[in-house]
Structures are given as structure tokens and as C-alpha cells.
Amino acid sequence: MASLGYEVIVVDVDPEKIEQFNQGTVPFFEPGLTDLFRTVRQSQRLLFTTDLTKIADCDINFLCIGTPQSSAGFSADLSALERAFNSVIASAKVGSLIVGKSTVPVGTAERLAKVISTQKKKLTLNWNPEFLREGHAVSDTLEPNRIVIGAEAQENAEKLADFYKSISPKAPQFITNFPTAELVKVAANAFLATKISFINAMSEVADATGADVTVLADAIGVDDRIGRKFLGSGIGFGGGCLPKDIRAFLARADELELGETLAFLKEFDLINQRARTRAVAVALKELGNPKGKKVAILGAAFKPESDDIRDSPALEIAETLSTLGANVVITDPQALHSAAAKLPKLTYNDSVTETLRGADLTMLLTEWGAYRSLDPVQVIELVKTPTIFDGRNVLDVKTWQVAGWKLLALGRTF
Ligand code: UDX
């Protein structure tokens, strides 16, 4: 927003993060963000602070607060959002707009709007879900594929609608009520999770029948009513959104006595979890007794182009094999620091060569470009046993086989 000419104040409760931004460093990996940040920083339109009173002159206040899975169950933990909301309404300018970006259980915005209506400040609440994908955050923000605004009345959404028209005149806008806006976001993520789990269910069927799930995905995907996107089979979805969003949706459905309606999501969550255990089973079948066997893990992040390791399938598989006694070494182009902070007992190496050296089994678990383009002829010299598990079904089977590798995967036999 600062790059588009707006004056922006970023407030966070974490002084370390704010300090890093003030020093000119983006404290996480997101392609293109560091360059954009450095350019915009010079414009002086971007201020980072822990002092919320600095928002006193702002016309629009965006709440970009995480709503993680609660420690007690499937529901979303709204405590950070509620704390931020209460602080913001206390410091916000009279007549200003509060915009919720967080993914929340349906009904939250209506509840927060009631709190605002008891204030004398004439604040307005909009709910405006965020659809950006990690790894594509900059382009998804500058060129959003849609804008959804939930408000109590059409006229309450006009200011934000105009604001987005200035950013992205082409993006279709959906101005609607609060529950619809909240639901668009959770429904979108539930649908994406459904597509991935559907293909991973087909992968289980393929394993039992000798079919090839990748050919199946290609062949059903050419039908544009189905589409090939998000039919990537393998070790399944992770990250800070899809897993916790379908669980929070399930928890909310139970509260609304709609448990049966969304019960399919519980199955899709289980299919997704099973993809990880199926990968471990393939590794164990190959290794025999895993004790002391070296397993090279390519990828720790939950997806490529990100250093996010929240609910990462790759890391969970690595951790399980390590617990079973294998000598697991993990490499990743960006996520080693975050992985080591979460699981310090595992072994990490930033060199792909050293990770592969002497490996009894190689597992490609996050499909970074650098791993997809490995030369099988070159790297075969490094490993002890040339067996690779392609956890994302991205390698060219023939090229690897011709080079002398044995390939393993879910939902296909070679
Ligand atoms: C998701 C939504 O895509 C985004 O719109 C929303 O705002 C936030 O949640 P993100 O979590 O960044 O975005 O990742 P996404 O690209 O959706 O991938 C999620 C997971 O699914 C990753 O672990 C990825 O590896 C996996 N995936 C994706 C598959 O297993 N198969 C696929 O075909 C696609």
C-alpha cells in the first residue's frame, strides 16, 4: 500500500520484528518483498512501531491478526484478534474504518460490529478476507483476483470498495453481508483442501489397484469443469491456513448443529494426515530397520518459495523417521532457520550435496525448483543407495530411472 502512495503505519506487539523492519530487514522469506520493501522504505511513507497510539490519524485500520488453531481443540483461537480489536477501537480516529482481514468463524464480524456500535466514536467495521498465497504475496496483493467486503449495509462498504478500486480497478468486487464475507474465505480454503484430499484419496485407490494417480489427475483435469490445479497428489497440504481453517470450520459447524453437513471435511483432514503416514510407511518398507540409516530430506517448508514450516508435511515425516531411529538430514533453501527453531534436535544442512552424501534413501518432500532440477546423473555419485521417494510427484520418472535411480511415490508403481 505504501508502494502505491498511501501513508502506512504498521503496528505489531513483537518488538523484535518491528526492530528488524526498522533496520531494513524483512523478518521472513517472501519472494519480491525485500526489494519492494527497500524501495518503499526510502519514500518515508512506511512507519513501523509497537506504539498503537500512532494510529490516531489513520482513516482505515486493517486488522491482520493470526487466528491459529486453539491448543484445546479444532476451533480457531481468536484471543489475539480480540485483544488487537479492543486496542484498535480505543486508539482509532473518530469516524474511521476498521477492516478485519483475519480468517474467522462465521458470526465473528457481527459480534465485533455490536461492540463498535456501543462506542461514541462512529467507527465502521468491514470484513475483507485475505486470499493471498504464501510465495505469491506481493503479486496477489497488488493484483488481487477478487475483493470481498462484508458490511452491515452497502454504503458502509463504499470507502473500502473505492480504496481497492484505486489499487486494482480490474479485480471483481463482491460487497455482501458479514456472514457471506467470512464464509467465502473458509469455503474457498475448504474447497482447495477438498481437491487435494480428493486426489490423495484416489492415490490410495491407485496404490491398491495398480493405477497411476498422476495420469488420472491429468486425465480428469483436462475437463475444465474439474481443472488440473490443486490436483497435485503426494504428501498433502500443510501450512498455517488450509489445515487449521478446515478444522475451525468443523468446530463452527458443530456449534451451528451442522456437524453432519461438513462431516466430509473431517474425512479430508484424515486423508491428508494419512498421506504423511503413507510416506513414512514407504520409507520404512524400503529401509527395513531404519536405525542408523541415513535419510536425506529435500525440503522443510510446507510449500516451495516460503520459509513457513507451520504444519509442514515434510517436517512431520522427517521428525517421525528420526524418532524411529533413522539418521535424518534435512535441507531447504529458505526454511532451515525456522525448522531448527521449532525442532532443534533434528539435523539440518544447507548444502544439498552434503545432505545427499552417503544417503540410504532420498526423499523429495517440498518441490523447490532447485530439487526438481537436480541432475540425477550427477547426484547419484553422492548417495549410498540410489533410491528417491518423490513425495510431490514432480520428478521426470524416465530421466531418473535411466540415470540408475529407483523411484518411489504414493499412488503410482514404477
Ligand atoms: C492457501 C490458499 O491457497 C490461499 O488462497 C489462502 O489465502 C491461504 O491458504 P497457502 O497456505 O499459501 O494458501 O498455500 P497453498 O498454495 O494453498 O498450498 C497449501 C498446501 O497444499 C501446501 O502444503 C501445498 O504443498 C499443498 N498442495 C497444493 C498440494 O498438496 N497439492 C496441490 O495440488 C496444491
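Let me start at the ligand, where a polar side-chain atom of arginine 392 lies 3.2 Å from one of the ligand's oxygen atoms; please keep in mind throughout that this is a predicted model. The protein covers 90% of the 670 Å² of accessible area that the ligand has on its own.

Stepping back to the whole shell, we find 20 residues surrounding the ligand, with Leu132, Glu134, Lys185, Gly232 and Phe302 as the closest. That shell divides into 10 nonpolar, four polar and six charged residues, and its largest share, four residues, comes from helix H7, which spans residues 178–209.

Now let me turn to the sheet, and first to a general point: strands of a sheet pair through backbone hydrogen bonds, either parallel or antiparallel. Here we have an open sheet of six strands with parallel pairing, in the order S10-S9-S8-S11-S12-S13. Strands S10 and S13 stand at the edges with a single partner strand each, so one side of each is left without a neighbour in the sheet. Further in, S8 (residues 294–298) and S9 (residues 327–331) pair over five bridges, and one example is lysine 294, whose bridge partner in S9 is asparagine 327.

Finally, two helices pack on this sheet: H10 touches S8, S11, S12 and S13, and its direction makes about 165 degrees with that of S11, while H11 touches S8, S9, S10 and S11, at about 160 degrees to the direction of S9.

Methods: Residues are numbered from 1 along each chain as its sequence is written. This is a predicted model: local features need pLDDT of at least 70, side-chain atom pairs count only at pLDDT 80 or more; totals for chains, interfaces and linings use all residues. Side-chain values use heavy atoms; hydrogens and water are left out. A residue is near a molecule or strand if one of its heavy atoms lies within 4 Å of it. A polar contact is a pair of N or O atoms within 3.5 Å; within protein, one must be able to donate a hydrogen and the other to accept it, and residues adjacent in sequence count only if both atoms are side-chain atoms. Accessible areas come from the Shrake-Rupley method with a 1.4 Å probe; for residues, only the protein chains shown count as cover. Ala, Val, Leu, Ile, Met, Phe, Trp, Tyr, Cys and Pro count as nonpolar, Asp, Glu, Lys and Arg as charged, and the others, Gly among them, as polar. Two strands pair if DSSP finds at least two bridges between them. Contact means heavy atoms within 4.5 Å. Axes are lines fitted to C-alpha atoms, for helices over the stretch in contact, and angles run from 0 to 180 degrees between N-to-C directions.
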